[in-house]
Amino acid sequence: MRFAIRGSEVTVPNLVGRTVREAGRLAGVSELQLKLESHRFDDQVESDHVVAQTPSPGSKLKRNRSVRVIVSLGARKIAVPDLKGESLRTTQIALLSRGLTLGVTSTISSDETEKDRIISQDPLPMTRLAQSPRVSVLVSAGRSNQEYLMPSVTGNTLDEVSRAIQNTKLEGRNRHLSFYSWSPKRHDTQADPPPGFKLAEDSSIELEVCR
């Protein structure tokens, strides 16, 4: 009787990590049947591969019985949110809440996008990615400061200096011309910074004018 029972049993093969097709073939070779029990997401096992089986590999099972398997759906995919126009802080929170991480953060000057707001992103919005991918963003550094060359004002009258300033793009953008130092020892106009010096929009110009 014991011999008859043992003769009707076979060893269950290891099906974990195999594709469903391969698992079915191995089960058939061992005179067993493959039964698909369920699917589940798994970060370690590729889609359409066996994640788990019952009975376990190496155990004994009567011929023509079923080996139940769970098949992987692959890593769970997450839709990347649209981050354009969001602040960097809001972006970090939005990514973390979805199980995503902030990747490379680059900055660029922009006249259209407010400072510290997202201009573009990679991957694009609604791209479906595996869990815990990195999303890189391009952030606005705000409007770029334009530079202008300081005109020559030495030896000119205050009216001539004003006209020289008006002929540059500093006029209307730079109003810091209200600092005057009156020198009784000079008979012309001096300026700091010197001619040819690069001036940003928020730069100050100091004039020394004779009485």
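Helices (H or I, at least four residues) and strands (E, at least two) are taken as DSSP runs and numbered from the N terminus. On that basis, D48 is found in the loop between β2 and β3. The model described here is a predicted one.

**Overall composition**

The secondary structure of the chain comprises 4 helices and 15 strands. The chain has 211 residues, of which 31% count as buried. Among its contacts with a separation of 6 or more, 69% are between residues 24 or more positions apart.

**Backbone features in the loops**

Most residues other than glycine have a negative phi, and most peptide bonds are trans. N64 is found in the loop between β4 and β5, and with a relative accessible area of 55% N64 is exposed.

**Salt bridges**

Side chains of opposite charge can pair when their charged atoms come close. The structure holds 3 salt bridges, tabulated here with the relative accessibility of each partner.

| Pair | N to O distance | Relative accessibility, Arg | Relative accessibility, Glu |
|---|---|---|---|
| R63 and E31 | 3.0 Å | R63, 32% | E31, 40% |
| R68 and E37 | 3.0 Å | R68, 32% | E37, 45% |
| R117 and E114 | 3.9 Å | R117, 28% | E114, 55% |

The side chains of R63 and E31 meet in one of these salt bridges. R63 lies in the loop between β4 (60-62) and β5 (66-72), and E31 in the loop between α2 (20-29) and β2 (33-40), so this pair ties together parts that are 32 residues apart in sequence. Both R63 and E31 are partly exposed.

E37 forms a salt bridge with R68. This pair links distant parts of the chain, with E37 in strand β2 and R68 in strand β5, 31 residues apart. E37 is partly exposed, and R68 counts as partly exposed too. In the remaining pair, R117 is partly exposed, whereas E114 is exposed.

**Nonpolar cores**

The largest nonpolar core has 12 residues: V10, V12, L15, A23, L26, A27, L32, V50, L61, V67, V69 and V71. The elements that give two or more residues to this core are α2 and β5. A27, one of the core residues, touches L32, Q33 and L34 when residues up to four places away in sequence are not counted. Apart from this core lies another of 11 residues, including I78, V80, L95 and L129.

Strands of a sheet pair through backbone hydrogen bonds, either parallel or antiparallel. In this model, an open sheet of 3 strands has the order β7-β10-β8, with mixed pairing. Its edge strands, β7 (101-108) and β8 (118-122), each pair on one side only. Direction ignored, neighbouring strands of the sheet are turned by 25 degrees against each other on average. β8 and strand β10 (residues 134-140) pair in the antiparallel sense over 4 bridges, and D122 stands opposite S136 in β10.

Helix α3 (residues 88-97) lies across β7, β8 and β10, running at about 160 degrees to β7. Which residues of α3 are buried? They are T91, A94 and L95. These residues cover an arc of only 95 degrees around the axis, which puts them on the same side of α3. An α-helix has 3.6 residues a turn, so residues three or four places apart point the same way. The buried residues of α3 pack against β7, β8 and β10, and L95 is among the residues of the 11-residue core. On the other side of α3, R89, L96 and S97 are exposed. Just after α3, G99 takes a positive phi of about 80 degrees.

Technical notes
Residues numbered from 1 in each chain as written. Predicted model: local features only at pLDDT ≥ 70, side-chain atom pairs only at ≥ 80, totals over all residues. Heavy atoms only, no water. Salt bridge = Lys/Arg side-chain N within 4 Å of Asp/Glu carboxyl O. Buried < 20%, exposed > 50% of the residue type's maximum accessible area, 1.4 Å probe, protein only. Pairing = 2+ DSSP bridges. Axes fitted to C-alpha atoms, helices over the stretch in contact; angles between N-to-C directions. Contact = heavy atoms within 4.5 Å. Core = buried A, V, L, I, M, F, W, Y, C linked by side-chain atoms within 4.5 Å. Arc of directions from axis to C-beta.
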